[in-house]
Amino acid sequence: MANVIVIGAQWGDEGKGKITDLLSKSADVVVRYQGGVNAGHTVVVKDKTFKLHLIPSGILYPDTECIIGCGTVIDPQVLIEEIDQLEKLGISTKNLMISETAHVTMPYHRLIDQASEERRGNHKIGTTKRGIGPTYADKSERTGIRVIDLMEPEALKKQLRWTVNYKNVILEKLYDLPPLDPEEVIDQYLAYAERLRPHVVDSSLRIYDAIQEKRNILFEGAQGTLLDLDHGTYPYVTSSNPVAGGACVGTGIGPTAVDRVIGVAKAYTTRVGEGPFPTELHGEVGQLLCDRGAEFGTTTGRRRRCGWFDAVIGRYAVRINGLDCLAITKLDVLDELDEIQVCVAYEIDGTRCDDFPSGSRKFARCQPIYKTLPGWKQSTADCRTLEDLPKQALDYLKFLAELMEVPIAIVSLGASRDQTIIVEDPIHGPKRALLDANGTPVGV
């Protein structure tokens, strides 16, 4: 039995969907613990591509239980559309469960999110405009609607009549937007409630029972470490906690239940939206990474900013999340490069800095210090073992493992399930199996 957390070790979009899908084969339960429809996981199975926003990636395995935890915010309209899409493609959602204490994204959340971002002008933070931030804000303000409220029609009507009228003041007076009709919102969400009712459970109890039964549980985060509300590049962050600690809060388990934490990182770096990005590339190489990596957001379609691998934020992710091992994705994107650079440290105002700075203004002044490595100039897409990799590609992976002081357990070389090298089973293998007795990485 192993309870494993999978997190993004960069700014999100690292390929967690594929890694979670691979690990779900060994999992009995997969739990999503934070974020909302601002996240997107793309999974490719044979000739089918699945784009998931709320439903855990484990849904593609028919016997795996999939739970949307209480730390996730749920847009019922999008969730129902996702359920219908999967069912249409022949994927059963009978094992999908939704936490009754998860908060619900409402129409006024989306409107406020969109209007607020537009009003920021040059100070935009890059929100997806899906209403996620305002949903979490209402959760903190204790005026939110939870899934359990949807299950009680009379109480929901009373609550929504007050809340919609309260939000209408903001929409009209602050943003010059037309008001919402409380009765229309009530009717819409009562209909959603009936569709979702069969899936609603006490998720914390369900997860606790699975732990007691010694079942394998995979906790799936959205976004990435550098987008964490408390530990990311604030204010250019999301509204929840994608870091490993967020899995405990967002599902209702204690930290002693966690056996292992796996970080997912691209072989280079990307980010979407605004904010500092020290290793960002603006020329030909950046465009090559974007084109070869198909770097466009699953949720928004926005072009991702691309840059060299940043080991400073990598080491920070190891520290903040307590990573046991890494999954490196999209190594094949680097196949055509003559040289590859890796950021090993920063220079800030003339002084070398090996650690990630907390303040965004200081971070914006960081200049990368690079180590240049030779490229391998040949395709890795068909490699299935470490021995198949070109020497320079293997050396590159070893260098990343040494910089971040954790082993690499998985190497992904494309979008399909089979385009993967499993160095060590990160669920069933021994903890830190790829380190020798002195803590030195063995192999990669």
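Select I207 to begin: at 1% relative accessibility, I207 counts as buried (buried is under 20% relative accessible area, exposed over 50%, partly exposed in between, with a 1.4 Å probe and protein chains only). This is a predicted model, in which local features need pLDDT of at least 70, side-chain atom pairs count only at pLDDT 80 or more, and totals for chains, interfaces and linings use all residues. Residues are numbered from 1 along each chain as its sequence is written, and side-chain values use heavy atoms, with hydrogens and water left out.

I207 sits in helix α8, residues 203-212. Helices (H or I, at least four residues) and strands (E, at least two) are DSSP runs, numbered from the N terminus. I207 and G252 are 45 residues apart in sequence, and their C-alpha atoms are 8.1 Å apart in space.

**Helix α2**

Select residues 76-88. This is α2, with 13 residues. From first C-alpha to last it reaches 18 Å, close to the 18 Å expected at 1.5 Å a residue (the expected span is 1.5 Å times one less than the number of residues). Colour P76, L79, I80, E82, I83 and L86, the buried residues of α2. Look down the axis: these buried residues fall within an arc of 160°, so they line one face of the helix. The arc is that of the directions from the helix axis to the C-beta atoms.

Check both ends. D75 caps the N-terminal end of α2, with a side-chain oxygen 3.2 Å from the backbone nitrogen of Q77. A polar contact is a pair of N or O atoms within 3.5 Å; within protein, one must be able to donate a hydrogen and the other to accept it, and residues adjacent in sequence count only if both atoms are side-chain atoms. Just after α2, G90 takes a positive phi of about 90°.

**Second largest pocket**

Next, show Y136, K139, S240, N241 and V249. Of the 15 residues lining the second largest pocket, these are the closest to its centre. The pocket has a volume of about 240 Å³. On a 1 Å grid over the protein atoms alone, a pocket is an open set of points where a 1.4 Å probe fits, with protein on both sides within 12 Å along at least five of seven lines; lining residues have an atom within 4 Å of a point. Grid points are joined across faces, edges and corners, and a volume is the space filled by probe spheres set on the points.

Helices α4 (132-141) and α9 (245-249) each supply at least two lining residues. The lining divides into five nonpolar, nine polar and one charged. Ala, Val, Leu, Ile, Met, Phe, Trp, Tyr, Cys and Pro count as nonpolar, Asp, Glu, Lys and Arg as charged, and the others, Gly among them, as polar.

**Backbone stops**

Most residues other than glycine have a negative phi, and most peptide bonds are trans. Go to Y234 and P235, joined by a cis peptide bond with omega about 10°. P235 is in the loop between β10 (217-220) and α9.

K129 is not a glycine, yet has a positive phi of about 65°. Find K129 in the loop between α3 (107-119) and α4. At 28% relative accessibility, K129 is partly exposed.

D349 also is not a glycine and has a positive phi, about 50°. Its loop runs between β16 (339-348) and β17 (351-353). D349 is exposed, at 57%.

**Last stop**

Select T329 in strand β15, residues 325-329. T329 is buried, at 3% relative accessibility. A polar atom of the T329 side chain lies 2.5 Å from the backbone oxygen of E14.
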